[in-house]
Amino acid sequence: VANAVAQNRLALTRLGALWVGDRPERVEEGEEFMAGRTWYWRLETVPTEVDGYYRLVVDVSADRQNKTALVNAQAYFDAR
């Protein structure tokens, strides 16, 4: 379930940037309720060596402090 939360966050971030033109912030944090519990996520946008391309890194945990990530997922994003 934590992986589904991570994949949802990556997809929503990319879609928001492509359709609405929202460029992701450097670091975003939030929570999502799925499968009867609250999951906590942290998304970091990291510039790459290629102008206009970013790496999205999301960690999902079961505790609010995000001390132990159950899932770490990454994707690349073309902001041009």
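Visitor: How many salt bridges does a search of the whole structure find?

Guide: Side chains of opposite charge can pair when their charged atoms come close. The test here is a side-chain nitrogen of Lys or Arg within 4 Å of a carboxyl oxygen of Asp or Glu. Searched whole, the structure gives a salt bridge count of three.

Visitor: What kind of model is this?

Guide: Residues are numbered from 1 along each chain as its sequence is written, and side-chain values use heavy atoms, leaving out hydrogens and water. Local features need pLDDT of at least 70, side-chain atom pairs count only at pLDDT 80 or more, and totals for chains, interfaces and linings use all residues, since the model is predicted.

Visitor: In what order do the elements of the chain run from the N terminus?

Guide: Helices (H or I, at least four residues) and strands (E, at least two) are DSSP runs, numbered from the N terminus. The chain has one helix and four strands. Their order is α-β-β-β-β.

Visitor: How many bridges join β1 to β2?

Guide: Two strands pair if DSSP finds at least two bridges between them. Strand β1 covers residues 27-34 and strand β2 covers residues 37-47; they run antiparallel. Glu 28 faces Leu 43 of β2 across this pair. The bridges number eight.

Visitor: Which residue takes a positive phi in the hairpin of β1 and β2?

Guide: Two residues lie between these strands. The phi is near 60 degrees, and the residue is Ala 35.

Visitor: In β3, which residue is the bridge partner of Thr 45?

Guide: β2 also pairs with strand β3 (residues 53-61), antiparallel, over eight bridges. Their hairpin has five residues between the strands, and Gly 52 there takes a positive phi near 90 degrees. The β3 partner of Thr 45 is Leu 56.

Visitor: How far apart in sequence are the parts that Arg 42 and Glu 29 tie together?

Guide: The two side chains meet in a salt bridge, 3.6 Å from N to O. Arg 42 lies in strand β2 and Glu 29 in strand β1, so the tie spans 13 residues.

Visitor: Which residues are linked in a network of salt bridges?

Guide: Arg 42 also bridges to Glu 44, with the closest N and O atoms 3.7 Å apart. Buried means under 20% relative accessible area, exposed over 50%, partly exposed in between (1.4 Å probe, protein chains only). On that scale Arg 42 is partly exposed at 29%, Glu 44 is partly exposed at 30%, and Glu 29 is exposed at 56%. The network consists of Glu 29, Arg 42 and Glu 44.

Visitor: How far apart in sequence are the parts tied by Arg 64 and Glu 31?

Guide: Arg 64 and Glu 31 form a salt bridge of 3.3 Å, N to O. Arg 64 lies in the loop between β3 and β4 (71-78) and Glu 31 in strand β1, so the parts it ties are separated by 33 residues.

Visitor: Which side chain of opposite charge is nearest to Glu 32?

Guide: Lys and Arg count as positive and Asp and Glu as negative, while His and the chain ends are not counted. Glu 32 sits in strand β1. Glu 32 is buried yet has no salt bridge. At 4.4 Å, the nearest side chain of opposite charge is Arg 9.

Visitor: Which side chain joins Glu 32 in a polar contact?

Guide: A polar contact is a pair of N or O atoms within 3.5 Å; within protein, one must be able to donate a hydrogen and the other to accept it, and residues adjacent in sequence count only if both atoms are side-chain atoms. Contact alone means heavy atoms within 4.5 Å. Leaving aside neighbours within four places in sequence, Glu 32 has contacts including Val 5, Trp 39 and Trp 41. The polar contact, at 3.5 Å, is with Asn 8.

Visitor: How far apart in space are Val 71 and Ala 4, C-alpha to C-alpha?

Guide: Val 71 lies in strand β4 and is buried at 15% relative accessibility. Beyond four places in sequence, Val 71 has contacts that include Ala 2, Ala 6 and Val 58. Val 71 and Ala 4 are 67 residues apart in sequence, yet their C-alpha distance is 9.5 Å.
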